[in-house]
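Please look over the sequence and the 3D structure shown here before reading on.

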Amino acid sequence: MKYVSTRGSIAEQSFEDVLLSGLARDGGLFVPEAWPNVTPDDIRALAPLRYTEIVTRIVRPFIEVELVSDSDLTRIVEQAYSGFRHSEIAPLQQLDEDTWVLELFHGPTLAFKDFALQLLGGLFDHVLGMRGERLTIVGATSGDTGSAAIEACRDRENLDIFMLYPEGRVSEVQRRQMTTVQSANVFNVAMRGTFDDCQDLVKAMFADHALRDSLNLSAVNSINWARVMGQTAYYFAAAAKMGAPDARLSFVVPTGNFGNVYAGYVARQMGLPIEKFIVASNRNDILYRFFDQGDMSITNVEPSLSPSMDIQVSSNFERLMFDLMGRDGAAVTAAMQAFRAEGSLPDAARLSADARSLFLAQRLDDDETLGVIRSVHEDTGMLIDPHTAVAVGAARKTPSDGTRRIVLATAHPAKFPDAVEKATGVRPDLPSHLADLLVRPERAETLDNDFGTVRDYVCAHASARTTS
Ligand SMILES: *Cc1c(COP(=O)(O)O)cnc(C)c1O
């Protein structure tokens, strides 16, 4: 498989290039040059398979065999999902007559990001081992991605990971999911500053080319193609279990950066018959305005009960735009430049009209979200987290079209206990493997918000230094 950039001005790349570089050098995002084809019989054959066998089949065409052999891929995939706490990995629960919930929160950090990041960590480690290289991963987190990235990188032979978080500004559960990891290659940095300060420090490290080269710096950010690929598999697994290709299905996806719903679009382009995607937003509703009203204008980000969706510019949306614009990289470049300069996407009405045959959108505010958590609990006894609730609410607002709807449950309710308790009066318990989280010893270095201080700390502890 070869990959092209959504901005169209660099040569085709291999999976290896795409995995290690993340963002394309022309500022675009990588996408496969063509979609691998999965036939209706291939889909029927998935139904009896174990989850990991489905992943192996779905991701195989995206990765060169010379880079990852069949037996290595099987081993990497088995290992990626070995830490999940449910035997089915991604179980389905029926919610009402035409709605099912796909539970994507049984991974080590209780959110769906584990699906992609656990696989990404294994692929990184394998490819670096083949190249005889080490990598230093640096990241900034306001809470959620940090722990998933740390769990994906801990104890890997060829990686070190440094995670910067704003001291005193992440929840105790989120902090402890990072700081209680005792692996020698994990470094938590509590910054005396805000999340934006953390992000600026990470950007400054990448901008220092000497540092970047000597430490072989990398990121595990949400635009890496391998993350999208790792998420595509659960659309196939869930659809096959629900009777695809012989059943009419749609997916409802709580959306922030558009990575999760785009992975579903990839499954559909590969041949999985999905009739509709319902894109669910909270009060940060730029995607709702695009799909529903044909307008894509940036407004301020407002905090909500579903913080992982508090985003205005959804980075993965550019991948869909590339297809909506006929894979014309020059047109995407011009549109993205205008969007950044003017805060509004030119031609949004026309693009939206084309997209609407496949994508519907809904938005929920915090009160509606709490109402959904409450009513689901009253009707079924099930506790759902606020992100999942936005999606269940979006499904309920969308008139029935005769399809069976699969709602993606992206976080465990115990990750957002305050909202769940406020809605239901019940405080969800952490699963047993995390029950002692609040008493485990923590490990973090507290540093001043100063580039030199952070750089020296990373240099002193990273083992990737090629110059030493
Ligand atoms: C990251 C995240 C989302 C948003 O997913 P995108 O791929 O960014 O659209 C939704 N819910 C939870 C719990 C998340 O962590």
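## Basis of the model

This is a predicted model, in which local features need pLDDT of at least 70 and side-chain atom pairs count only at pLDDT 80 or more, while totals for chains, interfaces and linings use all residues. Residues are numbered from 1 along each chain as its sequence is written, and side-chain values use heavy atoms, with hydrogens and water left out.

## Overall form

The protein has 19 helices and 13 strands, which are DSSP runs numbered from the N terminus (helices H or I, at least four residues; strands E, at least two). Its radius of gyration, taken over C-alpha atoms, is 21 Å, close to the 23 Å that the globule rule (2.2 Å times the number of residues to the power 0.38) gives for 468 residues, so the protein is as compact as a globular protein of that length.

Buried residues (under 20% relative accessible area, 1.4 Å probe, protein chains only) make up 59% of the 468 residues.

## Strand S12

In strand S12 (residues 404-409), 5 of the 6 residues are buried, so this strand is largely enclosed by the rest of the structure. Two strands pair if DSSP finds at least two bridges between them; strand S4 (residues 99-103) runs parallel to S12 and is joined to S12 by 5 bridges, with Leu408 of S12 as the bridge partner of Leu102. Strand S9 (residues 249-254) also pairs with S12 in the parallel sense, over 4 bridges, and there Ser250 stands opposite Arg405.

Definitions and conventions. Buried means under 20% relative accessible area, exposed over 50%, partly exposed in between (1.4 Å probe, protein chains only).
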